[in-house]
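Please open the model in a viewer and keep the selection panel at hand.

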Amino acid sequence: MPEAATMFAKRTAEQKMLIEVTQGELAEAVVTGETAKAANEALPFSDQLVSAARPFRLVDIAANEVARAETCLTQAIYYEAGFESLGGKRAVAQVVLNRMRHPAFPSSVCGVIYQGHQARVCQFSFTCDGALFRKPQKAAWAVSRSVAEAALAGFVEASVGTATHYHADYVSPYWAPKLAKIKQLGAHIFYAWPGAWGQRAAFSSRYSGREYIPSLDLIRKPSEEIEDVAVIDFAKTGLSVAPAVTDRHAKTDVGGRLDVNKGWTLRIPEPSETRGNFAKLTNIQHAPVAAPKTGSEGVGQ
């Protein structure tokens, strides 16, 4: 096989792998708590060149399409970073627009945001965790909307360059070391595709101009009504984290949720730690059975 064809095949395989780990079942694999914090701090920032994205402007499309795009982007900013800094809000908006222009993602604003909302892995958690059923806080929504309108009118958040991924700093996803870590803003850490796929030239998709917002009837509903998160009194309810409806517990699992706000972590012992206990249990199971006692000392007399 010619060298150019070999290189192309290798790049294609790498790109398929990156899509699988960030959009497939492996995208759900995360660690939390102090373990996640340590992993995030240990992962160095990439020395990959970070170029600012090109400005994007909604022009020459129908007014109703513009309105839908603004609504979807406002939702993403509010539910993902509504109480982050202004820069944090702008960075989330930039990630959405970066994805929209990259061939690995849908080519509309709403398409990017609602990607996977009915699948096992939703790309933006608020579209499948019941958040949309909570009434937004008015002031934070207004700020988020102004950020969305600016982003769709050409504003560029240059600090995150061509980032297409981010996660909260209290989790560490499986895919993080496979992407280029480029920036942290507030509680979010931002990543770009590695190599040429993350460079500005790769963002070649054309905006489709067709926006679609799924009906709430098509979005996963909470198992029970969730109050406005802004007015939940966690002290009275006994909760320290807002209810989530996508916890995939077995029906017989009564262990509850892992509350990362308390520093709790899920720890699976290493084989070396369990080997002694396993050997002890095995020896007990294979030990000769003692003859039953007789007379007044016998069981069941």
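**Conventions**

The model is predicted, and local features require pLDDT of at least 70, side-chain atom pairs count only at pLDDT 80 or more, and totals for chains, interfaces and linings use all residues. Residues are numbered from 1 along each chain as its sequence is written, and side-chain values use heavy atoms, with hydrogens and water left out.

**Whole chain**

Eight helices and five strands are present; helices (H or I, at least four residues) and strands (E, at least two) are DSSP runs, numbered from the N terminus. From the N terminus on, the elements run α-β-α-α-α-α-α-β-β-β-β-α-α.

Next, switch to a surface. Of the 301 residues in the protein chain, 38% are buried, where buried means under 20% relative accessible area, exposed over 50%, and partly exposed in between (1.4 Å probe, protein chains only). Among contacts (heavy atoms within 4.5 Å) in the protein chain with a separation of 6 or more, 74% are between residues 24 or more positions apart.

**Disulfides**

Select the cysteines next. A disulfide is a pair of cysteine sulfur atoms within 2.5 Å, and by this rule the count comes to two. With bonded cysteines counted along the chain, the pattern is 1-2, 3-4.

Begin with C72 and C110, which are joined with an S to S distance of 2.1 Å. This pair links distant parts of the chain: C72 lies in helix α3 (residues 63-81) and C110 in helix α5 (residues 109-113), 38 residues apart. The torsion about the S-S bond of C72 and C110 is about 105 degrees, so this disulfide is right-handed. C72 is buried at 0% relative accessibility, and C110 is buried with a relative accessible area of 0%.

Then move to C122 and C128, whose sulfur atoms are 1.9 Å apart in the other disulfide. C122 counts as buried at 17% relative accessibility, and C128 counts as buried at 2%.

**Helix α4**

Select residues 86-100, which form helix α4. Its 15 residues reach 22 Å from the first C-alpha to the last, close to the expected 21 Å; the expected span is 1.5 Å times one less than the number of residues.

How many of the 15 residues of α4 are buried? Twelve are, so the helix is largely enclosed by the rest of the structure. The buried residues of α4 include G88, K89, A91, V92 and M100. To see the cover over the buried residues of α4, display α3, α5, α6 (138-151), β2 (165-168), β4 (180-185) and β5 (188-192), which are included in it.

**Sheet β2-β5-β4**

Finally, keep β2, β5 and β4 on display. In that order they form an open sheet of three strands with antiparallel pairing; two strands pair if DSSP finds at least two bridges between them. β2 and β4 stand at the edges, each with a single partner strand, so one side of each is left without a neighbour in the sheet.

Zoom in on β4 and β5, which pair in the antiparallel sense over five bridges. The bridge partner of L185 in β5 is H188.
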